[in-house]
Amino acid sequence: MAITDAPKIITSRLGYDDSYTIERYLASGGYEALRKALSMTPEAVAAEVDAASLLGRGGAGFPAGRKWSMLRKNPLTYLVINGDESEPATFKDHMLIEGDPHQILEGVLISAYALQVSQAFIYLRGEFALGLERLQQALNEAYAHGAVGADIFGSGFSLDVVVHPGAGAYICGEETALLESLEGKRGFPRIKPPNFPAAIGLYGEPTVVNNVETMANIPWIITNGGAAFAALGAGRSTGTRLFALAGHVRNPGNYELEMVKTTFRDLIYAPVLGGGIRSSNKLKAFIPGGVSAPWFGPDQVDLPLGQDEVGDAGSMLGSGSVVVMDSATCMVRASWRITKFFSRESCGQCTPCREGAGWLERILFRIENGAGREEDLDLLMDLCDNISPGVNWPPQQTTICVLGPSIPSSIASGIRMFRDEFLVHVKDGGCPFD
Amino acid sequence: MTDTAKTDQATEELTFTLDGRSVTAAKGELLIAAAERAGTYIPRFCYHPRMDPVGMCRMCLVDVEGPRGATLTPACFVQVNDGMVVDTANERVRKAQDGVLEFLLANHPLDCPVCDKGGECPLQDQTLAYGPGESRFIEEKRHFEKPIAISDLVLLDRERCIQCARCTRFAAEVAGEAQIDFSGRGEAVEVATFPTQPFESYFSGNTVQICPVGALTATPYRFTARPWDLDQVESTCTTCAVGCRVAVQSSQNRLTRLLGIDTEPVNHGWLCDKGRFAYESVNGDEVESGPLPAELEGENVDVAPATASQVVSLGVARGQFLGEAQETGRFEHGRLVEPRLRKEGELVPVSWSEALTAAAAGISRAKEAGGAGAVALIGGARLTNESAYAWAKLAKGVIGTDSVDAQLGDGLPADLVLGLPRATIDQAAHAPVLISLAGDLREELPVLFLRLRAAVEGATELIEISPTPTALSPPTTTAPSSAPTIQATRGPATSTGPMPGMAKNADPNRRPQIPPQKAPDFPQRFMRSPVL
């Protein structure tokens, strides 16, 4: 395994200072993919995306083309783009939105054409102030350029796009909570079934929800063909993917890497990527796909960066965020910090998540601060079981949405992998890392 | 809402497997309701049969077989499918339900000994059946100031709240005024009013009744009794002509509380605050008799009979016929306890039999003098059907007069009303078109307003003939400059158009821009923002 010379599909312009301007975008072939798509039939455009077997980049990893072909049987009303990236250590969409907003817009335009919808919404995380400014500016430029609005490039196809900033809730990244929020309501996730967006979506109409990074891939796929995209990667994980590397590495940041061909070891240790662990410490554990994913130990560092490969090993590639924890990390504190995030961001709709997250957080805080009891470990696991029966991956859940079963991941990983460390906290009456 | 769903259902029947036995359900029926009819009670908090399900509390999780094996599914949210296989009692379901209950209690203050709900509390009851016997929660609980008044009648204890959304759904869905809603998120979710507006609804008491814990309590009942000490009789509310079914509860010979009873043809369990809390006047300890309040002086003249001794007051709500009360007897708690008879110009206390004999003699004398037609009886619009029937029987069968009425001629002309086809509340709530000739139903017949509001929110079209917008009027309606005019239509305008002839002006697209009306000069307590 090694770093491949795969093309930069979505980060090609990010090295330029003016990467977000329409001038730079047009100078580097911008909106040519849209012109090409408009000369094709919508079916042919959708077929290219299907041929690329582009997996959705939001976390669940469902093939975007298959999602579209399933939905195209019925007329769709809305295309909604999820740009509410809010998880700790996940910052890939952030960079794409600020760095290359036109690429996202072009992806939205092509997708809307393929799906034959005339109204799209981009729901942006409220804290992305610069991203909002740049995306809105890009949208204004694209309207002026004739790429958005009525009769795009004289093709007869029309699309309006609205950029909508969120109000600061992680839960609104959950697609049905996002739709509620977009409708002006509280961000409470809807119960599925029956409220699958494809059937009952925005304003009760059939709706497709796609991720920002998914959209950013679409122009390249249309320009170079779905087959060229599918030739990259291996198995179900095709193309490249943007990995947000965070934690105790020398060079944290976003890296676009070919899927499957590259491993976590490459990402963490390669000098041009993560550059190894800080202070020459040892790798203790890493989270392969965002803080809702179960953790991996150093023995799994040679796993390839592939959806099924990570899934089969008991976790997920999820949001593409890789968090590295070195030997100086207190695992109780790590579990507590992640649980505190979920406790704060639970929407409060379902009992197990609303009450469970706070309870778990309090217990972990107690253990970390020297007031833990040995039986607290079993209590933690049993409470996790009441939120996510079995505490397995992929998870079962007693809640409406997947925020609930995301809570146990860090706790169960911490206890299963580092039980002794938890017990030391209990026996010593405090944190050995303090 | 519920009404329309019910009529659609009646047609088709499905069979599903419930804990290994075959059970039938109506098409569209929710699993939790079908199971309950079949004798399997699935525990619940947020589910309420008269409101849309939300599946939030997760107490009703049961295993439903699906393409990917059994999944924990909220029974309050899924409709029964033909052939559905449901397990409500296996190990996994039991663990999930126990877990939810334990989570609900984590932050609940468990102050049952001083809680009004204690003894009739769904959380208390289900704690006995589910969850661990002893709490594993040793952390600090969530704290709020308790309780806070969200209106003159309703107090909110946010520590007890289990965030089931029953009250907020009632306000938004049933009453149509979302004056309370959730604020905050996660553990900090709380029911709240808008910062500058109290929970000022004619129907606020219903939220207290349907609260599954003691989070919402009513000031009149607060700390007055324990539920197990209450005597209860079923009765009919006589505060207006709707006739809501009520449970009248009393303790130590004093009324303590009225609760709405869910009857399909009438009130669906709801009451208005006037009906719910008017019992306080019966318990009132104010002066039995005294100088007539100035504002009743005029009315006294209108209703005072020519010969006081010929009238036996029925002793209805105190204050209504205060003038007679002074004349005809001694009242306690609004009830006539000692009739009086005028003898040689003086009113003297007499026994009931003497008073009734004197009244009967008076009626007989009038009948002899002018024939049966010289006697007329007014029963009152708020009588129950049974009482009205008894009045009519007395008038027509005993006295022999046809002059019997329910009102003093202040309503619509009887010959007009009697000429119209009649409908029950249920029939009106299922009618394709409703024509409202009344004033504001929310003011006059509040619970009928709730029933018809649900109808109008559904498939029923409304035509209002009213000088001012009412609570039923669509938000776009504005008052015309001269009254009365047909207001507007509401509901789907395509299926059944406005009535020919009557509704020439009822163009749904015509939305005249008229400045808002000046609100009538009511005391602050009863002021409502005009519904525009």
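I began by noting that a crossing is left-handed if the near helix is turned anticlockwise from the far one by less than a right angle, and right-handed if clockwise. The model is predicted, with local features needing pLDDT of at least 70 and side-chain atom pairs counting only at pLDDT 80 or more, while totals for chains, interfaces and linings use all residues. Residues are numbered from 1 along each chain as its sequence is written, and chains are lettered from A, with ligands numbered from 1, in the order in which they are written.

I looked up helix α2 (residues 32-39) and helix α9 (residues 212-224) of chain A, whose axes come within 9 Å and cross at roughly 60°; axes are lines fitted to C-alpha atoms, for helices over the stretch in contact, with angles from 0 to 180 degrees between N-to-C directions, and helices are DSSP runs (H or I, at least four residues) numbered from the N terminus. The crossing of α2(A) and α9(A) is left-handed. In this contact (C-beta atoms, placed from the backbone, within 7 Å), α2(A) supplies A:Glu32, A:Ala33, A:Lys36 and A:Ala37, and α9(A) supplies A:Pro219, A:Ile222 and A:Thr223.

I then turned to the two chains, where the contact takes 25 residues from chain B and 27 residues from chain A. On the side of chain B that touches chain A, helix α3 (residues 91-106) of chain B gives the most, with eight residues.

Last, I checked the domains of chain A, whose bounds come from an automatic or database domain assignment: domain 1 (22-230), domain 2 (233-326) and domain 3 (331-428). The C-alpha centres of domain 1 and domain 3 of chain A lie 34 Å apart, and their contact takes ten residues from domain 1 and seven residues from domain 3.

Note on methods. Helices (H or I, at least four residues) and strands (E, at least two) are DSSP runs, numbered from the N terminus.
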